[in-house]
Amino acid sequence: MAIATSLLQVSPSDAELVQRVRQGDLDAYGLLMTRYRLRFGRYAYHLLGDESDAEEALQDAFTLAYRSLERCRHPERFAAWLFRILVNRCRTLATRRGRREARRAPIEAADAVGVAHPAERHMHHEEIHRGLARLVPEQREAFLLKYVEELSYEEMAELTGAGESALKMRVKRACERLRGLLGDPHAT
Amino acid sequence: MRPDDGLDPEQHAFLERLAAPLRTPVELSERVERTVLARLRADERPARGWPFRPLAAAAMAAGIAAAFAGGVLVGRRSAVPAAPDRGAHTVEFALRTAADSAVTLVGDFNDWDPRATPLHPGAGGVWTVTVPLRPGRYRYTFIVDGTRWRRDPAAPRALEDDFGTPTSVITVAQR
């Protein structure tokens, strides 16, 4: 119990950290960045399909967020605010650069998949990424937000500025395209 | 997750199988924080890190002077400090370009969101948009047809172009 209490004491909330940053504590921003590098790295990596591009997107998002921090009106919702910036930054990078055909090897953490469902063995990480690379960025974004980040369509609409019906259509198109590209061993 | 997107159960199951291995956390290198902290610490040393550029300095000074005189020169247009938000100036951004479909403005004032601030086409291929800005320094650029980044040719280039993109800067002065 003592350990748990101690851990709680050294884990300040986002709102507390934002407050400290606003008072000039740059180390507090370092803590926020570590927290969200771990949480949001997945989205950037899968959307951009490349570790160094994902790192660049996160760096840009963190820098932009810091410079705009006074406009974060709800510090307790810092995560959602930051994620929006990251999604926009990833979209811009994806559009600007396209997706590299020659992919680097997936990073170790991404490779260490705990395969809980036997069916997943049919679909390797590398193969999935190759399929995602063939989607237009809007479809890839919609698929990742819906199925990997597990957001609702309402949340996705708020995040992306697109309408819910458009987002549903993008997911549907992504599904059709991916099934065509990757095949579905379970399809009847 | 319940399928609420019009997919049939088979399609939904397919996407679930695809997504499951992607939900594993991805731990990017902590050089992300190190790079950003270095960038921010460099920002906190204002004059030292900025090489003197006579043209940019002159242009920025001109902008500040114009603001004091009642308008801020931006692109090809000027704007007046008549803002709905107390303390904000109404700034008109303009770009002459042969865009096919769209021009948008991204910058520090809209989280670099390419959907937030579209420009409106006008005569002679000039696209414009009006934005309320509080006094401060903002970096910005235009995106033409969703893919081409265009710096504002009539504004100073941002000295710390840290994203490798063509970026301009505007300084909105206090009234």
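Residues are numbered from 1 along each chain as its sequence is written, while chains are lettered from A and ligands numbered from 1 in the order in which they are written. Because this is a predicted model, local features need pLDDT of at least 70 and side-chain atom pairs count only at pLDDT 80 or more, whereas totals for chains, interfaces and linings use all residues.

**View 1. Chain A is built with ten helices and zero strands.** Helices (H or I, at least four residues) and strands (E, at least two) are DSSP runs, numbered from the N terminus. Along the sequence, the pattern of chain A reads α-α-α-α-α-α-α-α-α-α. Chain A has 188 residues, of which 41% are buried; a residue is buried if 20 or more other C-beta atoms, placed from the backbone, lie within 10 Å of its own, exposed if 12 or fewer, and partly exposed in between. Of the contacts in chain A between residues at least 6 apart in sequence, 68% join residues at least 24 apart; two residues are in contact if their C-beta atoms, placed from the backbone, lie within 7 Å.

**View 2. Helices α8 (residues 137-148) and α10 (residues 164-182) of chain A pack at an angle of about 100°.** Their axes are 8 Å apart; axes are lines fitted to C-alpha atoms, for helices over the stretch in contact, and angles run from 0 to 180 degrees between N-to-C directions. α8(A) and α10(A) are therefore roughly perpendicular to each other, a term for angles of 65 to 115 degrees, with those under 35 counted as roughly parallel, those over 145 as roughly antiparallel and the rest as oblique. On α8(A), the contact includes Glu138(A), Arg140(A) and Phe143(A), and on α10(A) it includes Leu167(A), Arg170(A) and Arg177(A). The residues of this contact of α8(A) with α10(A) comprise five nonpolar, one polar and six charged. Here Ala, Val, Leu, Ile, Met, Phe, Trp, Tyr, Cys and Pro count as nonpolar, Asp, Glu, Lys and Arg as charged, and the others, Gly among them, as polar.

**View 3. Chain B touches chain A through 41 residues of chain B and 56 residues of chain A.** On the side of chain B that touches chain A, the elements giving two or more residues are α1 (9-19) and α2 (31-43) of chain B. The most come from α1(B), with nine residues. By class, this side of chain B has 20 nonpolar, seven polar and 14 charged residues.

**View 4. Helix α8(A) crosses α1(B) at roughly 85°.** The two axes come within 10 Å, and the angle makes α8(A) roughly perpendicular to α1(B). Phe143(A), Tyr147(A) and Val148(A) of α8(A) make the contact with Leu15(B), Glu16(B) and Ala19(B) of α1(B). Five of these residues are nonpolar, none polar and one charged.

**View 5. Three strands of chain B form an open sheet in the order β3-β6-β5, with antiparallel pairing.** Two strands pair if DSSP finds at least two bridges between them. The edge strands, each pairing on one side only, are β3 (89-96) and β5 (120-121) of chain B. Two bridges join β5(B) to β6 (residues 126-133) of chain B, and Pro121(B) stands opposite Trp127(B) in β6(B).

**View 6. Confidence in chain B is highest in α1(B), at a mean of 91, and lowest in helix α4 (residues 54-69) of chain B, at 34.** These values are pLDDT, the predictor's confidence in each residue, from 0 to 100. Chain B averages 71, and 67% of the residues score at least 70. Over residues 46-84 of chain B, pLDDT stays under 50. The model scores ipTM 0.77 and pTM 0.60.
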